[in-house]
Amino acid sequence: MAKQNDPSTPSGRGGRASRVLVLLGLVVVALLITLAFVRPTSVSTAPDQVALHYSDGAFTPKRFKDCVESSRRQWDGPGDRHYSYPSSQTNFVFDDGDSDGAPITFVTKDGIEMTVEGVANLMLNTDCDALRGFHDLIGNRYVAYMDGDERSPGWNRMLSVYIARPLDTAIDRAGQKYTYTDLYTDPNVKAQWEADVVAALPDLVNRQTDGEVDFFENFAITLQKPEPPQAIKDALIAQQEAVARARASEAEAAAKQKAAEAQVAVEKAEAAKIQERINVLGRDGYLRQYAIDKGLNPYQPTTSGIIPNR
């Protein structure tokens, strides 16, 4: 028969200790696995955030549960997921800098390509049903939900599709109603063009979602002065300089004409004054007075009284 270990011997005590350690290890692993499945999840929204809560535990199907309002902490079931979105204004900047998009080009009524920079402002519709629809159709696909307190790269990718493209279309369509000179030189025309873009943008943005609920709202836009190609700008400058020179020449001619007319008026007034004095003093009297006023002697001596007649 095989000889069994005596618990009182060192080898027996060592085997027993090994079995205890193995048992304890299994218990710890089981506890860790249990904690992984039963540990609750939490979400804490900032004042400018809202969140969506979805069940996603090991033994529960993934489905929508509820919406989490701004400035709220909430504890939910094990494995559940929370997706946060911004409730404050979103700015989509398009310019030559490190921004959300590049400057937008469009063609005017007279066929000139112009470029414009600016910023479009909007807000995500955070009504619970609308936000859930946005997440299921768009946000989850683009991973557009927030990364902690920051807007994620997925959010920017989503904007490049659902905002940038309709914005480009709105600017282009509105620009076809005006000439490039009016847009470049007339502030009133530029303001009306900007208003046309704002009016067209919401419908162009929200028609992409194929739903009855608008996912974006409260649109506003600020457009900088649109710029034509440099060659056209140079031609406009030359034209403006020519117009300025022509106006300066006209102004100079008008000034000379006014000066001449003023001189004639002065001379007429002086002539009338002289004629009035002649009427009072007579011609000879006026001439004598004129000579006296000029320091001359009108009474010159003559020899008619001292030379006898021969």
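The largest nonpolar core of this predicted model has 50 residues, and those with the most contacts inside it are Tyr85, Met158, Leu167, Ile171, Trp193 and Phe216. Helix H6 (residues 187–206) supplies the largest share of this core, six residues. A nonpolar core is a set of buried Ala, Val, Leu, Ile, Met, Phe, Trp, Tyr and Cys residues joined through side-chain atoms within 4.5 Å; buried means under 20% relative accessible area, exposed over 50%, and partly exposed in between (1.4 Å probe, protein chains only). In soluble globular proteins, nonpolar side chains tend to be buried together.

**Basis and confidence**

- Residues are numbered from 1 along each chain as its sequence is written, and side-chain values use heavy atoms, with hydrogens and water left out. In this predicted model, local features need pLDDT of at least 70 and side-chain atom pairs count only at pLDDT 80 or more, whereas totals for chains, interfaces and linings use all residues.
- The protein chain has a mean pLDDT of 84 (the predictor's confidence in each residue, from 0 to 100), and 85% of its residues reach 70 or more.
- Helices (H or I, at least four residues) and strands (E, at least two) are DSSP runs, numbered from the N terminus.

**Sheet S3-S2-S5**

- Three strands form an open sheet in the order S3-S2-S5, with antiparallel pairing; two strands pair if DSSP finds at least two bridges between them.
- Strand S3 (63–68) and strand S5 (81–86) are the edge strands, each pairing on one side only.
- From one strand to the next, the twist averages 25 degrees. Axes are lines fitted to C-alpha atoms, for helices over the stretch in contact, and angles run from 0 to 180 degrees between N-to-C directions.
- Strand S2 (residues 49–55) is joined to S5 by six bridges. Across this pair, Val50 has Tyr85 as its bridge partner, and Ala51 stands opposite Ser84.
- S2 and S3 pair over five bridges, also in the antiparallel sense; Phe64 in S3 is the bridge partner of Tyr54.
- S2 is mostly covered, with seven of its seven residues buried. Gln49, Ala51, His53 and Ser55 point one way from S2, while Val50, Leu52 and Tyr54 point the other way.

- Five bridges join S6 to S9, and Phe92 stands opposite Ala120 in S9.

- Leaving aside neighbours within four places in sequence, Trp193 is in contact (heavy atoms within 4.5 Å) with residues including Phe106, Ile171, Tyr178, Leu223 and Pro226.
- Asn125 is found in the loop between S9 and helix H2 (128–142), and is buried, with a relative accessible area of 12%.
- The side chain of Asn125 reaches the backbone nitrogen of Asp127 at 3.1 Å.
- Not counting residues up to four places away in sequence, Asn125 touches Ala130, Leu131, Val213, Asp214, Phe215, Phe216 and Glu217.

**Loop position of Gln176**

- Gln176 lies in the loop between helix H4 (164–175) and helix H5 (180–185), and is partly exposed, with a relative accessible area of 44%.
- Gln176 and Asp110 are 66 residues apart in sequence and 8.0 Å apart in space, C-alpha to C-alpha.
- Beyond its neighbours within four places in sequence, Gln176 is in contact with Val107, Thr108 and Lys109.

**Positive phi values**

- Val143, in the loop between H2 and helix H3 (153–162), has a phi near 55 degrees, a positive value in a residue other than glycine. Val143 is partly exposed, at 38% relative accessible area.
- Asn218, in strand S10 (residues 216–223), likewise has a positive phi, near 55 degrees. Asn218 is exposed, with a relative accessible area of 51%.

Methods: Polar contact = N/O pair within 3.5 Å; in protein donor to acceptor, adjacent residues only side chain to side chain.
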